[in-house]
Amino acid sequence: MSLLQKTLAGQVALSAFSPRDWNQLMTEGRQANMMARLAIVLVGQAGEQELPRTVRDVLDGSIAYVDYLQVRARFELQRVSRIAQDCAYPVIALKGAAYLLTGIDAAGGRSLSDLDVMVPREHLDDFEDKLRYAGWSFSEDVSAYDEYYYRELAHELPPMRHAKSQLELDVHHNILQPTHRFAVDVAPMVQNARPIPGTALHALDPADQILHSATHLTMSDELRGGLRDVHDVVLIYREELAKDPGFSQALVERAVQLQLGRPLFYVLDFAERHLGLNLPPETARRLREAAPPQPVLALMRQLLDRRLAPEGHNPGDGSLTEFLLYLRSHWIRMPPALLARHLLRKARQRNSST
């Protein structure tokens, strides 16, 4: 368990930190892209004046940078919101964009390198047309096969960018691609999406936000930097539980309804073991019903623990862990024959470009 994870879990005595401990914590925070979030956690645990001056200076700089990124993201989301005003269907901000616009705890210290939105599949073409009319377009690097893959096999369009924007916009119509072994019917998520006051955008219900993040983390190969996303889940869970003591059970019931118990189990199991999350016994029992067989669980715990630790915490096995998770993500992403054709096509594409 890394020092960063112990700090996020509140399992360290900051007053006993040596200069070496502070250096290690700052290094791990940078590697996890969590410096501004770490600043909030540290101030909450010790108070700003109790932190060493050099540490405060580093953290202040990180907060200022994330504040800039969030201002930039808000500006771009206003641009998208103006387009959503003319849509007769919900345009749903996802993950960091939704956290930022709704002002929940998970927005604190949360950097955004791109923006994610989701619209119902049947309205995807219309929304793309509206984006293009407003100046958004695909990169020139998107090949004909890439466009085919995104449109026919993936759960999103190719990344789009506005001529005056520094942020990419990812337009989704699902949270997993339709060929995935755990393909999801997102209609209930869309139906429960809530309008975001002051915008023409929507956000997923908090339980669905957790399920989306958990699914994105554990059912794809997007685990790099995933510790931040797991901590997002912990913050959303705790914030909602403080409002409604029944949220924990409602979350599990929602996962069962959407057949997303397995990804929820993986993420909350990790959060319990590494980030100090305490689940009610009945919630933990019901989550265990979604766990894989013991041999698979033991392997997945090892892989997730290593991949979600800051870089360098498990020296010597990072490449193998990444490779095994990469293989798993592709194996569950498509049926074998389709996967083989896709990988062969991508290999030929790479060879032709070299």
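This is a predicted model: local features need pLDDT of at least 70, side-chain atom pairs count only at pLDDT 80 or more; totals for chains, interfaces and linings use all residues.
Biologist: At what angle do helix 4 and helix 5 pack, and are they roughly parallel or roughly perpendicular?

Modeller: Helices (H or I, at least four residues) and strands (E, at least two) are DSSP runs numbered from the N terminus. Axes are lines fitted to C-alpha atoms, for helices over the stretch in contact, and angles run from 0 to 180 degrees between N-to-C directions. Angles under 35 degrees count as roughly parallel, over 145 as roughly antiparallel, 65 to 115 as roughly perpendicular and the rest as oblique. The axes of helix 4 (residues 53-84) and helix 5 (residues 95-102) are 11 Å apart at an angle of about 95°, and the two helices are therefore roughly perpendicular.

Biologist: Which residues make the contact of helix 4 with helix 5, and what are their classes?

Modeller: Contact means heavy atoms within 4.5 Å; helix 4 contributes Gln70, Ala73, Arg74 and Leu77, and helix 5 contributes Ala97, Leu100 and Leu101. Ala, Val, Leu, Ile, Met, Phe, Trp, Tyr, Cys and Pro count as nonpolar, Asp, Glu, Lys and Arg as charged, and the others, Gly among them, as polar. By class, the contact has five nonpolar, one polar and one charged residues.

Biologist: Which residues touch the most other members of the largest nonpolar core?

Modeller: A nonpolar core is a set of buried Ala, Val, Leu, Ile, Met, Phe, Trp, Tyr and Cys residues joined through side-chain atoms within 4.5 Å. Buried means under 20% relative accessible area, exposed over 50%, and partly exposed in between (1.4 Å probe, protein chains only). In soluble globular proteins, nonpolar side chains tend to be buried together. The largest core has 72 residues, and those touching the most other members are Trp22, Leu25, Met26, Leu42 and Leu251.

Biologist: Is His172 buried or exposed, and which side chain does it join in a polar contact?

Modeller: His172 is in strand 5 (residues 168-172) and counts as buried because its relative accessible area is 8%. A polar contact is a pair of N or O atoms within 3.5 Å; within protein, one must be able to donate a hydrogen and the other to accept it, and residues adjacent in sequence count only if both atoms are side-chain atoms. At 2.9 Å, such a contact joins the side chain of His172 to that of Asp116.

Biologist: Where does the side chain of Arg161 reach a backbone oxygen?

Modeller: Arg161 is found in strand 4 (residues 160-162) and is partly exposed, at 33% relative accessibility. Leaving aside neighbours within four places in sequence, its contacts include Trp136, Gln166 and Glu168. At 2.7 Å, the side chain of Arg161 reaches the backbone oxygen of Gln166.

Biologist: Is Arg37 buried or exposed?

Modeller: Arg37 lies in helix 3 (residues 35-46). Not counting residues up to four places away in sequence, Arg37 touches Ala106, Gly108, Gly109, Arg110, Arg228, His231, Asp232 and Leu235. Its relative accessible area is 3%, so Arg37 is buried.

Biologist: What is the phi of Lys95, and what is that of Gln259?

Modeller: Lys95 lies in helix 5 and counts as buried at 13% relative accessibility. Gln259 is in the loop between helix 11 (247-257) and helix 12 (261-274) and counts as exposed at 67%. Each is a residue other than glycine with a positive phi, near 50° for Lys95 and near 60° for Gln259.

Definitions and conventions
Residues are numbered from 1 along each chain as its sequence is written. Side-chain values use heavy atoms; hydrogens and water are left out.
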